[in-house]
Amino acid sequence: MNLASKRLIHTTTGLARGRHVYFNKHKMVTDPAKQDPDYFEKMARTLPLDDNYIDQLKKIYDDKIGSERDLTMKASDNLVADKITYGLPQLDLSKPRPPYSYVDSLKDAPESVRKIFSLEFGTRRDVTSEWKRVMIESVNHHTLDNSSLEKKIALCTALIRHWSMIVDEIFAKNHRPRKPSWLTHRIWLVIGQRRRLLRELREINEESFQRVLKELKIAYHVQKQPEHVKTRKAWSEAQLLLRIQEEKEKRLEELHQSYIKEREEKMVEMNERKKELEKEKIDIEQRMKELLILEGKATDNVVGEYHPSLVGNMTETVVHSMLFYHPKPDMVRNN
Amino acid sequence: MRRAIQESAVKTDVLLGRVVKMSQIGIDRIPCAQVRCQRNEFNTYLKMYFSRSFDYWAIDRGQLGNLGDTVMIRNIDDLSQRPTAAVTHKIDRVVFQYGNVIDPVTGKRVINDDFMDDIELKKKLVHDVLETPAEQESLLFAERRALQRQLLENAQKDDDFREAAKAIENKTL
């Protein structure tokens, strides 16, 4: 099976060596909002449905595919654009170096001696140990805690960040076209390890997970399933379909609301008319009763209700109908 | 062709699984969940069981379950009660909540195979014995160590501490 022929936008060279081929591997991402896995889909959803819709979709798709490579690493951290501190904590450089932190004689020593044993004059190793210590102590359970997930996550975060700093230093110093892959590969492995630890922590303890994300400023996104839409055409069609569905739902909802509102107004009118008609009916019935009284066919001021002796009447009626088929004579005067 | 795999003969009346997807049915938007449950398949050649996951849709009117929760689902026998043909079960109860696992036997919260109160006890002890003397800057290193040792001995003499330490060591209830 020729995989290259299926992928319209990717070249064959990377595939031959078994590596993932990126559309634009030099594109840098600086906007922290792009960390959201659905950022580009959400942007596509806000586009107006006019003549430029398809061209706008193309721009979004190019941006999405181009940002893929940078985002695989940067999206794991909330510090996409921080090239100054790299998310590492500020240290007090006048403090003694870690191996000498418990030495009592340094407390009374002269300023010059204390300076020599301080972090400022220490090795890079001392500084990184101190960074790790500060980050771990911000999230671990207690001083002797060495096995908790929080501690491991903090350690991974410290490694990722100070190694990223070293990568940039080497890259800037040596003026090579490529970053040191022996280090970038290690960073990538540690990012993966940290993701696994974060997932495990989330399953066990949700509050601790949120606290760790907030303290260490890590961005955690649930990984999306690999997309089944591989080409720009298929992606654009999928986005258009969703957009149309959304628009349809919105308009149906508006119509539904307008019907409800209209019904409320109409109901008020109808109830009022009903009341008027009922009042009219009562008046007419009253008038008819008065007329009957005048004609002598009914009496007014009737107290109580007349209940004829139905059983007796029914028996007489049945007997008459059985014998003579004549209706029983009623006592009402003929008209 | 004779297959070596024998499917599970256990009925799907009651199953335990994890919620992998939440959805809604119809205009009424009745909440439902897709639950992934494991069922064993016997390999007649190797004489071993291999577990395989199957997804079942379960209706969740009371919105008991959430994404990631371990739930118990029960088969809806009465076909008229099923909202659609695909939804064959209903969520009976949530056994373990995602992010907040509580041991059903003791009722205590469990974090990474340890009870919450054991973790709190460890934290308290380390704070009382180790960290409190360490915060006192005026003491020298040897004095600080002596104070920590003294606090540790006092704690060890305390009956409550000894029982708790024993329980932690033996992992008893």
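Okay, so A:Thr157 sits in helix 8 of chain A, where helices are DSSP runs of H or I with at least four residues, strands are E runs of at least two, and both are numbered from the N terminus. This is a predicted model, so local features need pLDDT of at least 70 and side-chain atom pairs count only at pLDDT 80 or more, while totals for chains, interfaces and linings use all residues. Quick housekeeping: residues are numbered from 1 along each chain as its sequence is written, chains are lettered from A and ligands numbered from 1 in the order they are written, and side-chain values use heavy atoms, with hydrogens and water left out.

Back to that threonine. Is A:Thr157 buried or exposed? A:Thr157 counts as buried because its relative accessibility is 0%. The cut-offs are under 20% relative accessible area for buried, over 50% for exposed, and partly exposed in between, with a 1.4 Å probe and protein chains only. Skip the neighbours within four places in sequence, and A:Thr157 is in contact with A:Met135, A:Arg194, A:Leu216 and A:Ile218. Contact here means heavy atoms within 4.5 Å.

Now the helix pair. The axes of helix 7 (residues 124–139) and helix 8 (residues 149–174) of chain A come within 8 Å, crossing at roughly 145 degrees. Those axes are lines fitted to C-alpha atoms, for helices over the stretch in contact, and the angles run from 0 to 180 degrees between N-to-C directions. On the helix 7 side, the contact residues include A:Thr128, A:Trp131 and A:Met135, and on the helix 8 side they include A:Ala154, A:Thr157 and A:His162. By type, the residues of this contact divide into ten nonpolar, three polar and six charged. For that count, Ala, Val, Leu, Ile, Met, Phe, Trp, Tyr, Cys and Pro are nonpolar, Asp, Glu, Lys and Arg are charged, and the others, Gly among them, are polar.

On to the cores. A nonpolar core is a set of buried Ala, Val, Leu, Ile, Met, Phe, Trp, Tyr and Cys residues joined through side-chain atoms within 4.5 Å. The largest one has 35 residues, and A:Ile153, A:Leu198, A:Val212, A:Leu216 and A:Ile218 have the most contacts inside it. Which helix of chain A gives the most to this core? That's helix 8, with ten residues. Leaving out neighbours within four places in sequence, A:Val212 is in contact with residues including A:Val139, A:Ile153, A:Leu198 and A:Ile218. Another core lies apart from that one, with 14 residues, among them A:Ala44, A:Leu57, A:Leu71 and A:Trp235.

A:Ala44 also turns up in helix 3 (residues 39–46) of chain A, where A:Tyr39, A:Phe40, A:Glu41 and A:Ala44 are buried. Their cover includes helix 4 (53–74) and helix 11 (232–295) of chain A.

Chain B, then. Chain B has three helices and eight strands, and along the sequence the pattern reads β-β-β-β-β-β-β-β-α-α-α. Of its 173 residues, 29% count as buried.

Two loop residues in chain B to look at. Most residues other than glycine have a negative phi. B:Gln63 is not a glycine, yet has a positive phi of about 50 degrees. B:Gln63 is in the loop between strand 4 (48–59) and strand 5 (70–75) of chain B, and counts as exposed because its relative accessibility is 59%. B:Asp113 has a positive phi too, about 65 degrees, in the loop between strand 7 (110–111) and strand 8 (114–115) of chain B. At 67% relative accessibility, B:Asp113 counts as exposed.
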